[in-house]
Amino acid sequence: MTLDGEALEQLRKRAKAGGADKYHAANAAKGKLFARERVALLVDEGSFVEDGLYANALADGLPADGVVTGTATIDGRPVCLMANDSTVKAGSWGARTVEKIIRIIERAYDTGVPMVYLVDSAGARITDQVELFPGRRGAGKIFWNQVRASGSIPQVCALFGPSAAGGAYIPAFCDVVAMVEGNASMYLGSDRMVEMVTGEKTTLEAMGGAKVHCAESGVGHFLCKTDAEALDVVKRYLSYLPANWTQNPPVGEAVPAPEKTDLAALVPASERQAFDMRRYVKGLLDEASFFEIQALWAKELTIGFGRLNGEVVGVVGNNSMFKGGVLFVDSADKATRFVQLCDAFNVPLLFLSDVPGFMVGSAVEKQGIIRHGAKMITAISEATVPKICVVVRKAYGAGLYAMAGPGFEPDATIALPTAKIAVMGAEAAVNAVYANKIAAIADEAERAAFVAAKREEYERDIDIVRLASELVVDAIVEPYELRAELVRRFAAARGKDRSFSRRRHGVTPV
(Lines give C-alpha, C1' and ligand atoms only; values in the text may rest on other atoms or scores of the structure.)
Protein backbone atom coordinates (compact mmCIF):
# COMPACT_ATOMS: atom_id res chain seq x y z
CA MET A 1 0.00 0.00 0.00
CA THR A 2 1.52 3.29 -1.14
CA LEU A 3 0.51 6.51 0.60
CA ASP A 4 0.83 10.03 -0.73
CA GLY A 5 0.98 12.96 1.65
CA GLU A 6 -2.76 13.60 1.63
CA ALA A 7 -3.64 9.95 2.26
CA LEU A 8 -1.17 9.76 5.14
CA GLU A 9 -2.62 12.92 6.67
CA GLN A 10 -6.13 11.47 6.48
CA LEU A 11 -4.93 8.26 8.11
CA ARG A 12 -3.27 10.26 10.86
CA LYS A 13 -6.41 12.32 11.46
CA ARG A 14 -8.58 9.22 11.71
CA ALA A 15 -6.20 7.64 14.19
CA LYS A 16 -6.10 10.76 16.37
CA ALA A 17 -9.85 11.37 16.22
CA GLY A 18 -10.72 8.34 18.32
CA GLY A 19 -14.14 6.74 18.13
CA ALA A 20 -17.46 7.94 16.75
CA ASP A 21 -18.87 11.34 17.67
CA LYS A 22 -21.62 9.77 19.78
CA TYR A 23 -19.03 8.26 22.12
CA HIS A 24 -17.26 11.59 22.50
CA ALA A 25 -20.59 13.22 23.29
CA ALA A 26 -21.47 10.55 25.86
CA ASN A 27 -18.15 11.07 27.62
CA ALA A 28 -18.52 14.84 27.59
CA ALA A 29 -21.95 14.49 29.19
CA LYS A 30 -20.25 12.69 32.09
CA GLY A 31 -17.62 15.41 32.42
CA LYS A 32 -14.94 13.16 30.92
CA LEU A 33 -12.16 14.48 28.72
CA PHE A 34 -10.97 12.76 25.54
CA ALA A 35 -7.81 10.69 26.14
CA ARG A 36 -5.71 13.01 24.01
CA GLU A 37 -7.06 16.04 25.88
CA ARG A 38 -5.94 14.42 29.13
CA VAL A 39 -2.45 13.90 27.74
CA ALA A 40 -2.31 17.50 26.54
CA LEU A 41 -3.37 18.83 29.95
CA LEU A 42 -0.83 16.68 31.77
CA VAL A 43 2.37 17.16 29.77
CA ASP A 44 4.41 20.16 28.73
CA GLU A 45 3.14 21.73 25.52
CA GLY A 46 4.74 20.26 22.42
CA SER A 47 6.66 17.58 24.32
CA PHE A 48 4.57 14.50 23.54
CA VAL A 49 6.04 11.99 21.09
CA GLU A 50 3.57 9.24 20.24
CA ASP A 51 4.34 5.61 19.53
CA GLY A 52 2.04 3.14 17.77
CA LEU A 53 -0.39 5.69 16.37
CA TYR A 54 -1.19 3.37 13.46
CA ALA A 55 -1.77 0.25 15.54
CA ASN A 56 -4.59 -1.75 13.89
CA ALA A 57 -4.90 0.93 11.21
CA LEU A 58 -6.23 -1.64 8.72
CA ALA A 59 -9.11 -2.61 11.02
CA ASP A 60 -12.43 -0.78 10.98
CA GLY A 61 -13.22 1.40 14.01
CA LEU A 62 -10.07 0.75 16.04
CA PRO A 63 -7.99 3.94 15.80
CA ALA A 64 -4.65 3.49 17.60
CA ASP A 65 -6.26 0.28 18.89
CA GLY A 66 -7.83 2.26 21.73
CA VAL A 67 -4.73 3.39 23.60
CA VAL A 68 -2.40 6.38 23.31
CA THR A 69 1.24 5.71 24.28
CA GLY A 70 4.43 7.74 24.12
CA THR A 71 6.98 9.94 25.87
CA ALA A 72 6.76 13.53 27.07
CA THR A 73 7.93 15.88 29.78
CA ILE A 74 6.07 17.11 32.85
CA ASP A 75 7.54 20.30 34.32
CA GLY A 76 10.56 19.67 32.13
CA ARG A 77 11.16 16.13 33.42
CA PRO A 78 10.83 13.10 31.08
CA VAL A 79 8.03 10.55 31.56
CA CYS A 80 6.44 7.69 29.65
CA LEU A 81 2.66 7.41 29.55
CA MET A 82 -0.32 5.48 28.30
CA ALA A 83 -3.92 6.67 28.03
CA ASN A 84 -6.90 4.45 27.27
CA ASP A 85 -9.26 5.91 24.68
CA SER A 86 -12.74 5.05 25.94
CA THR A 87 -14.32 6.26 22.67
CA VAL A 88 -12.82 3.17 20.98
CA LYS A 89 -14.63 0.00 22.05
CA ALA A 90 -14.97 1.49 25.58
CA GLY A 91 -11.18 1.56 25.89
CA SER A 92 -11.03 -2.23 25.77
CA TRP A 93 -7.82 -4.13 25.13
CA GLY A 94 -6.94 -5.89 21.90
CA ALA A 95 -3.67 -7.61 21.08
CA ARG A 96 -2.07 -4.39 19.76
CA THR A 97 -3.34 -2.45 22.78
CA VAL A 98 -1.55 -4.87 25.08
CA GLU A 99 1.65 -4.77 23.03
CA LYS A 100 1.68 -0.96 23.08
CA ILE A 101 1.24 -0.88 26.86
CA ILE A 102 3.98 -3.47 27.37
CA ARG A 103 6.38 -1.57 25.13
CA ILE A 104 5.90 1.77 26.87
CA ILE A 105 6.40 0.29 30.35
CA GLU A 106 9.55 -1.42 29.10
CA ARG A 107 10.78 1.88 27.73
CA ALA A 108 10.10 3.66 31.03
CA TYR A 109 12.01 0.97 32.91
CA ASP A 110 14.90 0.85 30.43
CA THR A 111 15.34 4.64 30.36
CA GLY A 112 14.71 5.14 34.09
CA VAL A 113 11.81 7.58 33.92
CA PRO A 114 8.39 7.63 35.64
CA MET A 115 5.49 5.73 34.10
CA VAL A 116 2.06 7.38 34.05
CA TYR A 117 -1.13 5.39 33.46
CA LEU A 118 -4.28 7.29 32.42
CA VAL A 119 -6.81 4.50 32.73
CA ASP A 120 -10.35 4.32 31.34
CA SER A 121 -10.97 0.79 30.08
CA ALA A 122 -13.73 -1.82 30.04
CA GLY A 123 -11.13 -4.61 30.05
CA ALA A 124 -10.16 -7.23 27.48
CA ARG A 125 -12.01 -7.79 24.23
CA ILE A 126 -13.32 -11.32 24.56
CA THR A 127 -13.28 -11.65 20.78
CA ASP A 128 -9.49 -11.18 20.85
CA GLN A 129 -8.73 -13.29 23.91
CA VAL A 130 -6.46 -15.85 22.22
CA GLU A 131 -4.28 -13.06 20.81
CA LEU A 132 -4.13 -10.88 23.94
CA PHE A 133 -4.55 -13.08 27.00
CA PRO A 134 -2.40 -16.20 27.39
CA GLY A 135 0.86 -15.68 25.46
CA ARG A 136 4.34 -14.54 26.38
CA ARG A 137 3.48 -11.02 25.23
CA GLY A 138 -0.09 -11.22 26.49
CA ALA A 139 -1.74 -9.11 29.17
CA GLY A 140 0.14 -10.88 31.95
CA LYS A 141 3.34 -9.31 30.64
CA ILE A 142 1.93 -5.89 31.52
CA PHE A 143 1.75 -6.83 35.18
CA TRP A 144 5.13 -8.60 35.10
CA ASN A 145 6.68 -5.40 33.81
CA GLN A 146 4.88 -3.31 36.42
CA VAL A 147 6.21 -5.53 39.19
CA ARG A 148 9.72 -5.37 37.76
CA ALA A 149 9.49 -1.58 37.55
CA SER A 150 8.04 -1.19 41.06
CA GLY A 151 10.50 0.68 43.26
CA SER A 152 12.78 1.26 40.26
CA ILE A 153 10.71 4.04 38.69
CA PRO A 154 7.68 5.92 40.02
CA GLN A 155 4.40 4.54 38.68
CA VAL A 156 1.29 6.66 39.09
CA CYS A 157 -2.24 6.07 37.86
CA ALA A 158 -5.14 8.43 37.25
CA LEU A 159 -8.40 6.54 36.84
CA PHE A 160 -11.15 8.31 34.91
CA GLY A 161 -13.57 5.48 34.16
CA PRO A 162 -13.73 1.73 34.69
CA SER A 163 -10.72 -0.50 35.25
CA ALA A 164 -12.32 -3.87 34.89
CA ALA A 165 -11.40 -7.50 35.56
CA GLY A 166 -7.70 -8.19 35.00
CA GLY A 167 -7.23 -4.57 33.94
CA ALA A 168 -7.91 -3.54 37.54
CA TYR A 169 -4.43 -4.74 38.39
CA ILE A 170 -2.81 -1.89 36.46
CA PRO A 171 -3.85 0.61 39.16
CA ALA A 172 -3.16 -1.95 41.90
CA PHE A 173 0.50 -2.25 40.89
CA CYS A 174 1.00 1.53 40.81
CA ASP A 175 2.48 3.52 43.70
CA VAL A 176 -0.66 5.65 43.99
CA VAL A 177 -4.05 5.93 42.26
CA ALA A 178 -6.13 9.08 41.76
CA MET A 179 -9.82 8.31 41.09
CA VAL A 180 -12.48 10.64 39.66
CA GLU A 181 -15.63 10.49 41.76
CA GLY A 182 -18.73 9.35 39.91
CA ASN A 183 -16.86 8.00 36.89
CA ALA A 184 -13.91 5.91 38.08
CA SER A 185 -14.35 2.35 39.25
CA MET A 186 -12.29 -0.80 39.83
CA TYR A 187 -13.74 -4.28 40.00
CA LEU A 188 -12.78 -7.85 39.15
CA GLY A 189 -16.31 -8.83 38.12
CA SER A 190 -19.14 -6.63 36.87
CA ASP A 191 -22.36 -6.25 38.86
CA ARG A 192 -24.06 -8.67 36.47
CA MET A 193 -21.31 -11.24 36.88
CA VAL A 194 -21.41 -10.88 40.68
CA GLU A 195 -25.14 -11.54 40.72
CA MET A 196 -24.73 -14.55 38.46
CA VAL A 197 -21.89 -16.07 40.50
CA THR A 198 -22.87 -15.14 44.08
CA GLY A 199 -26.49 -14.02 43.93
CA GLU A 200 -25.54 -10.61 45.36
CA LYS A 201 -27.34 -7.64 43.82
CA THR A 202 -25.09 -4.58 43.72
CA THR A 203 -23.94 -1.75 41.45
CA LEU A 204 -20.54 -0.87 40.04
CA GLU A 205 -20.50 2.30 42.15
CA ALA A 206 -21.41 0.51 45.40
CA MET A 207 -18.99 -2.32 44.75
CA GLY A 208 -16.00 -0.59 43.20
CA GLY A 209 -16.61 3.15 42.90
CA ALA A 210 -14.08 5.84 43.71
CA LYS A 211 -15.42 6.53 47.21
CA VAL A 212 -15.38 2.83 48.08
CA HIS A 213 -11.76 2.40 47.05
CA CYS A 214 -10.48 5.68 48.50
CA ALA A 215 -12.28 5.41 51.86
CA GLU A 216 -12.89 1.69 52.45
CA SER A 217 -10.64 -0.67 50.49
CA GLY A 218 -7.53 1.52 50.37
CA VAL A 219 -6.85 0.63 46.73
CA GLY A 220 -7.41 4.29 45.76
CA HIS A 221 -5.30 7.11 47.21
CA PHE A 222 -6.87 10.37 46.03
CA LEU A 223 -10.58 11.11 45.49
CA CYS A 224 -10.89 13.77 42.79
CA LYS A 225 -13.86 15.74 41.50
CA THR A 226 -12.75 16.16 37.89
CA ASP A 227 -10.35 14.78 35.29
CA ALA A 228 -8.28 17.96 35.58
CA GLU A 229 -7.94 17.54 39.33
CA ALA A 230 -6.73 13.95 38.91
CA LEU A 231 -4.11 15.12 36.40
CA ASP A 232 -2.95 17.79 38.87
CA VAL A 233 -2.50 15.05 41.47
CA VAL A 234 -0.25 13.16 39.05
CA LYS A 235 1.88 16.26 38.49
CA ARG A 236 2.16 17.07 42.17
CA TYR A 237 2.96 13.48 43.15
CA LEU A 238 5.81 13.29 40.65
CA SER A 239 7.20 16.65 41.83
CA TYR A 240 8.28 15.02 45.10
CA LEU A 241 10.03 12.03 43.54
CA PRO A 242 13.20 11.41 41.55
CA ALA A 243 13.05 9.96 38.05
CA ASN A 244 14.23 6.60 39.37
CA TRP A 245 15.70 4.76 42.35
CA THR A 246 19.29 5.84 41.64
CA GLN A 247 18.54 9.54 42.03
CA ASN A 248 17.55 11.82 44.90
CA PRO A 249 14.25 13.70 45.11
CA PRO A 250 14.26 17.15 43.49
CA VAL A 251 15.20 19.96 45.85
CA GLY A 252 12.73 22.81 45.95
CA GLU A 253 12.94 26.40 47.10
CA ALA A 254 13.40 26.67 50.85
CA VAL A 255 10.17 28.09 52.26
CA PRO A 256 9.62 28.94 55.95
CA ALA A 257 6.97 27.19 58.05
CA PRO A 258 3.68 29.06 58.54
CA GLU A 259 4.37 31.96 60.91
CA LYS A 260 1.09 31.76 62.79
CA THR A 261 1.35 28.11 63.84
CA ASP A 262 2.21 27.56 67.51
CA LEU A 263 3.25 23.90 67.66
CA ALA A 264 3.24 23.86 71.46
CA ALA A 265 -0.34 25.11 71.60
CA LEU A 266 -1.52 22.37 69.23
CA VAL A 267 -0.68 19.54 71.64
CA PRO A 268 -3.06 19.26 74.61
CA ALA A 269 -1.51 18.57 78.03
CA SER A 270 -3.87 15.64 78.62
CA GLU A 271 -3.19 12.59 76.50
CA ARG A 272 -6.93 11.87 76.67
CA GLN A 273 -7.60 14.95 74.56
CA ALA A 274 -7.29 14.49 70.80
CA PHE A 275 -5.53 16.82 68.41
CA ASP A 276 -5.17 16.86 64.63
CA MET A 277 -1.70 15.71 63.59
CA ARG A 278 -2.33 17.09 60.10
CA ARG A 279 -2.30 20.63 61.53
CA TYR A 280 0.92 19.82 63.38
CA VAL A 281 2.57 18.53 60.20
CA LYS A 282 1.53 21.57 58.21
CA GLY A 283 2.90 23.85 60.92
CA LEU A 284 6.23 22.04 60.96
CA LEU A 285 6.96 21.70 57.23
CA ASP A 286 7.61 24.36 54.61
CA GLU A 287 4.40 26.32 54.14
CA ALA A 288 1.87 24.69 51.76
CA SER A 289 4.22 21.81 51.01
CA PHE A 290 2.34 18.95 52.70
CA PHE A 291 0.84 16.54 50.17
CA GLU A 292 -1.32 14.07 52.07
CA ILE A 293 -1.81 10.58 50.63
CA GLN A 294 -4.83 8.35 51.40
CA ALA A 295 -6.49 11.08 53.44
CA LEU A 296 -9.83 9.21 53.55
CA TRP A 297 -8.61 5.73 54.52
CA ALA A 298 -7.28 4.55 57.89
CA LYS A 299 -7.38 8.15 59.10
CA GLU A 300 -5.82 7.27 62.46
CA LEU A 301 -2.52 7.46 60.57
CA THR A 302 -1.50 10.49 58.50
CA ILE A 303 1.01 10.01 55.69
CA GLY A 304 2.31 12.19 52.88
CA PHE A 305 5.17 14.09 51.31
CA GLY A 306 6.38 17.51 52.32
CA ARG A 307 9.47 19.67 52.37
CA LEU A 308 11.79 20.78 55.13
CA ASN A 309 13.88 23.75 54.03
CA GLY A 310 13.23 22.68 50.43
CA GLU A 311 14.24 19.02 50.93
CA VAL A 312 11.60 16.30 50.40
CA VAL A 313 10.58 14.19 53.41
CA GLY A 314 7.96 11.51 53.91
CA VAL A 315 5.82 11.97 57.01
CA VAL A 316 4.17 9.23 59.09
CA GLY A 317 2.13 10.58 62.00
CA ASN A 318 -0.46 9.18 64.39
CA ASN A 319 -3.70 11.17 64.42
CA SER A 320 -5.59 10.96 67.70
CA MET A 321 -8.60 12.68 66.11
CA PHE A 322 -9.49 9.28 64.64
CA LYS A 323 -9.77 6.15 66.79
CA GLY A 324 -7.43 7.77 69.30
CA GLY A 325 -4.48 7.25 66.96
CA VAL A 326 -4.47 3.51 67.70
CA LEU A 327 -2.94 1.38 64.94
CA PHE A 328 -5.36 -1.00 63.21
CA VAL A 329 -4.93 -3.53 60.39
CA ASP A 330 -5.54 -0.93 57.68
CA SER A 331 -3.31 1.75 59.19
CA ALA A 332 -0.49 -0.78 59.52
CA ASP A 333 -0.86 -1.59 55.81
CA LYS A 334 -1.04 2.11 54.96
CA ALA A 335 2.23 2.79 56.79
CA THR A 336 3.96 -0.26 55.34
CA ARG A 337 3.34 0.71 51.74
CA PHE A 338 4.27 4.36 52.26
CA VAL A 339 7.50 3.55 54.09
CA GLN A 340 8.50 1.16 51.31
CA LEU A 341 7.67 3.84 48.73
CA CYS A 342 9.88 6.41 50.47
CA ASP A 343 12.72 3.96 50.96
CA ALA A 344 12.59 2.91 47.30
CA PHE A 345 12.96 6.49 46.06
CA ASN A 346 15.40 7.87 48.62
CA VAL A 347 12.91 10.01 50.52
CA PRO A 348 13.93 10.52 54.19
CA LEU A 349 11.28 9.54 56.73
CA LEU A 350 9.94 11.62 59.60
CA PHE A 351 7.85 9.78 62.21
CA LEU A 352 5.65 11.89 64.49
CA SER A 353 4.54 9.64 67.30
CA ASP A 354 1.41 9.99 69.39
CA VAL A 355 0.49 6.32 69.52
CA PRO A 356 -1.24 4.29 72.24
CA GLY A 357 -0.15 1.08 70.46
CA PHE A 358 -1.86 -1.50 68.28
CA MET A 359 -5.56 -2.28 68.73
CA VAL A 360 -6.47 -5.31 70.81
CA GLY A 361 -9.52 -7.55 70.90
CA SER A 362 -11.02 -10.55 69.17
CA ALA A 363 -12.15 -8.63 66.08
CA VAL A 364 -8.68 -7.38 65.15
CA GLU A 365 -7.02 -10.65 66.14
CA LYS A 366 -9.25 -12.43 63.63
CA GLN A 367 -8.24 -9.84 61.04
CA GLY A 368 -4.59 -10.65 61.66
CA ILE A 369 -3.45 -7.57 63.60
CA ILE A 370 -0.25 -9.37 64.64
CA ARG A 371 0.60 -10.22 61.06
CA HIS A 372 -0.20 -6.73 59.79
CA GLY A 373 1.70 -5.11 62.65
CA ALA A 374 4.68 -7.34 61.89
CA LYS A 375 4.48 -6.21 58.28
CA MET A 376 4.66 -2.55 59.34
CA ILE A 377 7.57 -3.21 61.68
CA THR A 378 9.32 -5.12 58.89
CA ALA A 379 9.03 -2.09 56.60
CA ILE A 380 10.40 0.20 59.33
CA SER A 381 13.31 -2.17 59.94
CA GLU A 382 14.19 -2.53 56.27
CA ALA A 383 14.00 1.19 55.48
CA THR A 384 17.55 2.46 55.10
CA VAL A 385 16.84 6.09 54.20
CA PRO A 386 17.49 8.66 56.92
CA LYS A 387 14.70 8.32 59.45
CA ILE A 388 13.96 10.35 62.55
CA CYS A 389 11.47 9.48 65.27
CA VAL A 390 9.89 12.40 67.11
CA VAL A 391 7.82 11.47 70.17
CA VAL A 392 5.34 14.32 70.14
CA ARG A 393 3.21 13.09 73.03
CA LYS A 394 3.36 9.32 73.59
CA ALA A 395 4.78 6.11 72.20
CA TYR A 396 3.37 3.11 74.02
CA GLY A 397 3.99 -0.59 73.55
CA ALA A 398 4.71 -1.91 70.08
CA GLY A 399 3.56 1.47 68.81
CA LEU A 400 7.05 2.74 69.68
CA TYR A 401 8.53 0.06 67.45
CA ALA A 402 6.10 0.75 64.61
CA MET A 403 7.03 4.45 64.70
CA ALA A 404 10.78 3.80 64.27
CA GLY A 405 11.71 3.86 67.94
CA PRO A 406 15.29 3.59 69.22
CA GLY A 407 15.62 -0.16 68.54
CA PHE A 408 15.10 0.36 64.80
CA GLU A 409 18.21 2.40 64.14
CA PRO A 410 16.65 5.78 63.50
CA ASP A 411 19.19 8.50 62.88
CA ALA A 412 17.74 10.20 65.92
CA THR A 413 15.00 9.77 68.51
CA ILE A 414 13.83 13.20 69.57
CA ALA A 415 11.42 13.86 72.42
CA LEU A 416 9.33 16.93 73.03
CA PRO A 417 8.83 17.94 76.68
CA THR A 418 5.32 16.44 76.42
CA ALA A 419 6.71 12.99 75.43
CA LYS A 420 6.09 9.72 77.23
CA ILE A 421 7.65 6.38 76.28
CA ALA A 422 6.45 3.27 78.05
CA VAL A 423 5.10 -0.24 77.65
CA MET A 424 1.67 1.25 78.32
CA GLY A 425 0.05 4.36 79.75
CA ALA A 426 -0.01 5.00 83.48
CA GLU A 427 -3.69 4.19 83.95
CA ALA A 428 -3.46 0.87 82.15
CA ALA A 429 -0.20 -0.02 83.91
CA VAL A 430 -1.52 0.64 87.41
CA ASN A 431 -4.64 -1.37 86.67
CA ALA A 432 -2.59 -4.25 85.24
CA VAL A 433 -0.28 -4.48 88.27
CA TYR A 434 -2.62 -3.56 91.10
CA ALA A 435 -6.09 -4.58 89.89
CA ASN A 436 -6.76 -6.98 92.77
CA LYS A 437 -5.47 -4.59 95.42
CA ILE A 438 -7.50 -1.71 94.02
CA ALA A 439 -10.63 -3.84 94.02
CA ALA A 440 -9.99 -4.81 97.64
CA ILE A 441 -9.98 -1.20 98.92
CA ALA A 442 -13.53 -0.51 100.04
CA ASP A 443 -13.20 3.19 100.82
CA GLU A 444 -13.59 5.22 97.63
CA ALA A 445 -11.33 8.09 98.73
CA GLU A 446 -8.62 5.69 99.89
CA ARG A 447 -8.86 3.78 96.61
CA ALA A 448 -8.53 7.00 94.58
CA ALA A 449 -5.53 8.09 96.64
CA PHE A 450 -3.83 4.72 96.16
CA VAL A 451 -4.35 4.84 92.39
CA ALA A 452 -3.10 8.44 92.19
CA ALA A 453 0.03 7.56 94.15
CA LYS A 454 0.83 4.58 91.97
CA ARG A 455 0.23 6.60 88.81
CA GLU A 456 2.62 9.29 90.05
CA GLU A 457 5.20 6.62 90.84
CA TYR A 458 4.81 5.17 87.33
CA GLU A 459 5.12 8.60 85.71
CA ARG A 460 8.41 9.18 87.58
CA ASP A 461 9.68 5.84 86.34
CA ILE A 462 9.14 6.78 82.68
CA ASP A 463 10.20 10.43 83.06
CA ILE A 464 11.53 11.71 79.74
CA VAL A 465 14.60 13.27 81.37
CA ARG A 466 15.48 9.88 82.84
CA LEU A 467 15.15 8.32 79.39
CA ALA A 468 17.39 11.03 77.95
CA SER A 469 19.93 10.51 80.72
CA GLU A 470 20.09 6.81 79.82
CA LEU A 471 20.44 7.68 76.09
CA VAL A 472 17.10 6.16 75.11
CA VAL A 473 16.32 9.47 73.42
CA ASP A 474 18.98 11.60 71.75
CA ALA A 475 17.52 15.02 72.50
CA ILE A 476 14.68 16.81 74.24
CA VAL A 477 13.69 19.90 72.28
CA GLU A 478 11.05 22.55 72.60
CA PRO A 479 8.42 22.62 69.86
CA TYR A 480 9.74 25.91 68.48
CA GLU A 481 13.19 24.29 68.11
CA LEU A 482 11.99 21.14 66.38
CA ARG A 483 11.99 22.29 62.76
CA ALA A 484 15.56 23.60 62.86
CA GLU A 485 16.70 20.49 64.71
CA LEU A 486 15.18 18.26 62.03
CA VAL A 487 16.73 20.26 59.19
CA ARG A 488 20.19 19.89 60.74
CA ARG A 489 19.82 16.19 61.57
CA PHE A 490 18.45 15.20 58.16
CA ALA A 491 21.33 17.08 56.53
CA ALA A 492 23.83 15.21 58.69
CA ALA A 493 22.27 11.83 57.81
CA ARG A 494 22.14 12.44 54.08
CA GLY A 495 25.26 10.42 53.24
CA LYS A 496 24.62 7.47 55.54
CA ASP A 497 25.52 3.87 54.66
CA ARG A 498 22.33 2.19 53.45
CA SER A 499 23.35 -1.47 53.64
CA PHE A 500 21.07 -3.63 55.79
CA SER A 501 21.40 -7.42 55.63
CA ARG A 502 23.17 -10.29 53.85
CA ARG A 503 20.32 -11.86 51.87
CA ARG A 504 18.33 -11.87 48.67
CA HIS A 505 15.12 -10.70 50.36
CA GLY A 506 13.24 -11.25 53.57
CA VAL A 507 10.11 -13.33 54.09
CA THR A 508 7.52 -10.62 54.66
CA PRO A 509 4.61 -11.42 57.01
CA VAL A 510 2.04 -10.53 54.36
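Modeller: Start with the second largest cavity, which is lined by R278, E292, Q294, A295, K299, L301, T302, N319, F322 and K334. Residues are numbered from 1 along each chain as its sequence is written, and side-chain values use heavy atoms, without hydrogens or water. This is a predicted model, in which local features need pLDDT of at least 70 and side-chain atom pairs pLDDT 80 or more, while totals for chains, interfaces and linings use all residues.

A cavity is a set of points on a 1 Å grid over the protein atoms alone where a 1.4 Å probe fits but cannot get out; a pocket is an open set with protein on both sides within 12 Å along at least five of seven lines; lining residues have an atom within 4 Å of a point. Points join across faces, edges and corners, and a volume is the space filled by probe spheres set on them.

The volume of the second largest cavity is about 40 Å³. Its lining splits into three nonpolar, three polar and four charged residues. Here Asp, Glu, Lys and Arg are charged, Ala, Val, Leu, Ile, Met, Phe, Trp, Tyr, Cys and Pro nonpolar, and the others, Gly among them, polar.

What else is enclosed? The whole structure holds two cavities of 30 Å³ or more.

Now back to the second largest cavity. Q294 and A295 are part of its lining. H221 touches both, along with D175, V176, V177, C214, I293 and R337, not counting residues up to four places away in sequence. Contact means heavy atoms within 4.5 Å. H221 sits in the loop between α10 (210-217) and β8 (222-224). With a relative accessible area of 7%, H221 is buried (under 20%; exposed is over 50%, partly exposed in between; 1.4 Å probe, protein chains only).

R337 leads on to the open space. The largest pocket has a volume of about 1400 Å³. Of its 49 lining residues, R337 is one of the closest to the centre, with S150, G151, Q340 and L341. The lining counts 24 nonpolar, 15 polar and 10 charged residues. Helix α14 (329-344) gives the most, with 10 residues. At least two residues each come from α7 (169-172), β7 (185-187), α10, α14 and α16 (369-382).

Last, the charged pairs elsewhere in the chain. Side chains of opposite charge can pair when their charged atoms come close. A salt bridge puts a side-chain nitrogen of Lys or Arg within 4 Å of a carboxyl oxygen of Asp or Glu. The count comes to 31.

Take E50 and R36, with closest N and O atoms 2.8 Å apart. E50 is in strand β1 (49-51) and R36 in helix α3 (35-42), 14 residues apart. R36 counts as buried because its relative accessibility is 16%.

D65 and R125 also form a salt bridge, at 3.0 Å from N to O. D65 lies in the loop between β1 and β2 (67-74), and R125 in the loop between β4 and α5 (129-132), so the pair ties together parts 60 residues apart in sequence. Both D65 and R125 are buried.

R272 and E427 pair too, at 2.2 Å between the closest N and O atoms. R272 is in the loop between α12 (263-266) and α13 (277-284), and E427 is in helix α18 (426-440), 155 residues away. R272 counts as exposed at 66% relative accessibility, whereas E427, at 42%, is partly exposed. Elsewhere, K32, R38, D120 and D227 join in a network of salt bridges.

Terms used
Helices (H or I, at least four residues) and strands (E, at least two) are DSSP runs, numbered from the N terminus.
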